[in-house]
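Colleague: I would like to go through the labels used for this model and hear what each one rests on. Please give the value and the cut-off each time.

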Amino acid sequence: IDLRARPEPGAGHRCLLGMGVHEDYRRAGLGARLIEHAAAWAHGQGLAWIDLEVLSENAPAIGLYERCGFTRTGETTDMFRIDGDSLSYSYMTRALGA
């Protein structure tokens with residue numbers, strides 16, 4: 001899991017989430033624990049939002065992110081063309097703290 005600064009000026013209160021769990025360890029709650037740990041750390045650093053980008057076709061990942069409090073904010077259709085397939089990108093965000 002990684003958190004990185006957003007590249008846009010004035011977005012210092014937000015970060016981008018990137019993560020992956022090896023297929024042998026999926027469906028065991030590890031992803032949710034990683035996200036919660038990263039969110040707690042980010043909140044402790046004074047960040048207000050975590051954003052992410054995920055392939056729209058990746059239903060298991062989107063389900064995990066939704067269970068962890070992320071909501072979809074948009075989608076770019078036909079973002080990538082890989083091996084002849086058109087893939088879209090979903091954008092999601094989660095507010096930190098109350």
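**Labels and their grounds**

Modeller: Phe80, Tyr89 and Tyr91 form one aromatic cluster. The model is a predicted one.

Colleague: What makes Phe80 and Tyr89 an aromatic pair that is edge-to-face?

Modeller: The centres of the Phe80 and Tyr89 rings are 5.0 Å apart and the planes stand at 80 degrees. A pair needs centres within 6.5 Å, and edge-to-face needs an angle over 60 degrees.

Colleague: Why is Tyr89 called buried, and why is Phe80 called partly exposed?

Modeller: Buried means under 20% relative accessible area, and partly exposed lies between that and 50%. Tyr89 has 17%, so the residue is buried. Phe80 has 29%, so the residue is partly exposed.

Colleague: How many aromatic pairs are there by this rule?

Modeller: The count comes to 3 aromatic pairs. One of them is Tyr65 with Phe70: the centres are 5.8 Å apart and the planes are at 65 degrees, so this pair is edge-to-face. Tyr65 has a relative accessible area of 8% and is buried. Phe70, at 2%, is buried too.

Colleague: Which residues of helix 2 are buried, and what covers them?

Modeller: Helix 2 spans residues 59-67, and Ala61, Ile62, Gly63, Leu64 and Tyr65 are buried in it. The cover over the buried residues of helix 2 includes strand 2 (14-18), helix 1, strand 3, strand 4 and strand 5. After helix 2 comes Gly69, which has a positive phi near 95 degrees.

Colleague: What makes the phi of Asp78 worth a remark?

Modeller: Asp78 is not a glycine, yet its phi is positive, about 55 degrees. Asp78 sits in strand 4, residues 71-82. With a relative accessible area of 27%, Asp78 falls between the limits of 20% and 50% and is therefore partly exposed.

Colleague: What is the phi of Asp83, and is Asp83 buried or exposed?

Modeller: Asp83 is a residue other than glycine with a positive phi near 50 degrees. Its place is the loop between strand 4 and strand 5. The relative accessible area of Asp83 is 77%, and exposed means over 50%, so Asp83 is exposed.

Colleague: How do you know that Thr93 is buried, and what does its side chain reach?

Modeller: Thr93 has 9% relative accessibility, and the limit for buried is under 20%, so Thr93 counts as buried. Thr93 lies in strand 5, residues 85-95. The side chain of Thr93 reaches the backbone oxygen of Ile50 at 3.3 Å. A polar contact takes N or O atoms within 3.5 Å. Not counting residues up to four places away in sequence, Thr93 touches Arg14, Trp49, Ile50, Asp51, Gly69, Phe70, Thr71 and Thr73.

Colleague: Where is Leu47, and why is Leu47 called buried?

Modeller: Leu47 is in the loop between helix 1 (30-44) and strand 3 (49-55). Its relative accessibility is 15%, which is under the 20% limit, so Leu47 counts as buried. Apart from its neighbours within four places in sequence, Leu47 is in contact with Gly12, His13, Arg14, Cys15, Ala42 and Leu96. The C-alpha atoms of Leu47 and Ala95 are 9.1 Å apart, while the two residues are 48 apart in sequence.

Colleague: How do you know that the radius of gyration agrees with a compact globule?

Modeller: For 98 residues, a compact globule would have a radius of gyration near 13 Å; the chain has 14 Å, which agrees. The C-alpha trace spans about 45 × 35 × 20 Å along its principal axes. Of the 98 residues, 33% count as buried. Among contacts between residues at least 6 apart in sequence, 55% join residues at least 24 apart.

Colleague: In what order do the elements run, and which annotation covers residues 1-94?

Modeller: The chain has 2 helices and 5 strands, and from the N terminus they run β-β-α-β-α-β-β. The unreviewed UniProt entry carries the annotation "domain: N-acetyltransferase" for residues 1-94. Over residues 1-94 the chain is 26% helix and 40% strand.

Terms used: Residues are numbered from 1 along each chain as its sequence is written. This is a predicted model: local features need pLDDT of at least 70, side-chain atom pairs count only at pLDDT 80 or more; totals for chains, interfaces and linings use all residues. Side-chain values use heavy atoms; hydrogens and water are left out. Rings of Phe, Tyr and Trp (its six-membered ring) pair if their centres lie within 6.5 Å; planes under 30 degrees apart count as stacked, over 60 as edge-to-face and the rest as tilted. Buried means under 20% relative accessible area, exposed over 50%, partly exposed in between (1.4 Å probe, protein chains only). UniProt positions are given in the numbering used here, feature names are shortened, and annotations may be inferred rather than shown by experiment. Helices (H or I, at least four residues) and strands (E, at least two) are DSSP runs, numbered from the N terminus. The radius of gyration is taken over C-alpha atoms; the globule rule is 2.2 Å times the number of residues to the power 0.38. Contact means heavy atoms within 4.5 Å. A polar contact is a pair of N or O atoms within 3.5 Å; within protein, one must be able to donate a hydrogen and the other to accept it, and residues adjacent in sequence count only if both atoms are side-chain atoms.
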